[in-house]
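Okay everyone, thanks for coming. Let me put the sequence and the model up, and then we can walk through it together.

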Amino acid sequence: MTNWKLIFRCLYLISVMSASFGLEVTMSQDTMEVARGDDVTLTCNFKPKNQVNDLIIITWIGDPDETSKEKVLFGNYYSYGKVDIGSDYQGKAFIETDLTAKTSKLTLKQVTIQESRRIRCFVQIPGDIEGKTADTTFLLVQVAPSQPSCKVVGTAEYGHNISLTCVSEEGSPTPTYKWERYDVKNAPRAFPIKTTEKDGVLSLVNVSMETSGYYICLSTNKVGSAKCNMTLSVMPPSMNLATIGIVAGCIAGVTVLIIVIICCCRKRKQKQKQTNKNYEMENPIVEFHDKPPLENTEDGNTDNMTITEERPDKARSDDLKNHYDDRRGSRDGLNEGSRDDLRDRYDDRRGSRDDLRDRYDERKGSRDDLRDRYDDRRGSRDDLRDRYDERKGSRDDLRDRYR
């Protein structure tokens, strides 16, 4: 114990002797706190070895911090009256030095989070390089936490391990985070077993339906606080949204395909009906009926013979229409698989129409024969008239001879 005391005393005497015989620089405060946007002034005191010095250079710089690995130059003061301010702090940083009082002051206007770091005062005097040539003050720029961002890391399905993260982009001092859990009735609930929380990360193990709920993260520092909230829904693997989307898409695709097929079949059937209807309209079934010739009729002067071709009347048109409706109904009753039978029936009916045309041609020939026979009979009547005239003449001759 005695040896340790001796060692400390020796070190103290050495430090005192070095301060007495060299430069000594000290800051007025070890730590300063200021709100973002306010002005702040830092004071640096220095004691040179000699009271009179030809040149004194005082440099104000910011040491690297956790977010920025580079130094920040605020400016330099030269004892001959020149002051150089850093390019990034023109109009924002001011250096005032009193060589008599051996003090230098750095004033920063409207400080930001970038100035929240250790600020160093470094004094250089030629020939006076021993002792303590620099000292620092930690400037803490206080910033309330920004709105934190809450996220789920992992898959929220039964049996999985997931994490809830909470991070504020801004906040000085560094915010602390606290998670809370509520049920659907907004009543606080305890976290499941084996849940851990550290630096804004809430780790949930072997999640289940009971893990689901309403979670709130509170980000806090000495300046203020902010919070974010989220609803955690833990689902079974079969209820995965991606799987549901794929199944729903497949069902929708099949439904659309079925609708397209049905529409195509209906359109094809309507087209077939229209084709058959057009064909029947272009090639109607015509029936010809021959009226039997009338017997010769003789009166006192002439014999007349009439040949008449009967045309379809209104009743026959109604029969044809009924026949067409029956055929149309039979076609409507046929399904798609019986179209071959329909074609066969169509061919048979077409053949029957050809037979009708042949019969019409034969009847037309018979009418021509009847006209020839009519001409022959007309010639025989002319002969009869000649014979009658001859007989009438002979009766006149007989009357003359009788007289």
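So, how many aromatic pairs does a search of the whole structure find? The search finds 3, where rings of Phe, Tyr and Trp (for Trp, the six-membered ring) pair if their centres lie within 6.5 Å; planes under 30 degrees apart count as stacked, over 60 as edge-to-face and the rest as tilted. One of them is Tyr-78 with Tyr-80, a stacked pair at 5.6 Å centre to centre with 20° between the planes.

Before I go on, the housekeeping. What you see is a predicted model, where local features need pLDDT of at least 70, side-chain atom pairs count only at pLDDT 80 or more, and totals for chains, interfaces and linings use all residues. Residues are numbered from 1 along each chain as its sequence is written, and side-chain values use heavy atoms, with hydrogens and water left out.

Back to those tyrosines: buried or exposed? Buried means under 20% relative accessible area, exposed over 50%, and partly exposed is in between, with a 1.4 Å probe and protein chains only. Tyr-78 has 17% relative accessibility, so it counts as buried, while Tyr-80, with 58%, counts as exposed.

Zooming out, 26% of the 403 residues in the protein chain are buried. The accessible surface is about 28,100 Å², and carbon and sulfur atoms own 52% of that; these areas come from Shrake-Rupley with a 1.4 Å probe, and for residues only the protein chains shown count as cover. On contacts (heavy atoms within 4.5 Å), take those with a separation of 6 or more: 59% are between residues 24 or more positions apart.

Now secondary structure: 4 helices and 22 strands. Those are DSSP runs numbered from the N terminus, helices being H or I with at least four residues and strands E with at least two. Two strands pair if DSSP finds at least two bridges between them.

Here's an open sheet of 3 strands, in the order β14-β17-β18, with antiparallel pairing. The edges are β14 (176-182) and β18 (225-232), each with a single partner strand, so one side of each has no neighbour in the sheet. β17, residues 213-220, pairs with β18 over 8 bridges, antiparallel, and Thr-220 has Ser-225 in β18 as its bridge partner.

Elsewhere, β13 (162-167) is joined to β12 (149-153) by 5 antiparallel bridges, with Lys-151 bridging to Thr-165. β13 also pairs antiparallel with β16 (201-204) over 4 bridges; there, Ser-163 partners Ser-203.

That's my tour, thanks.
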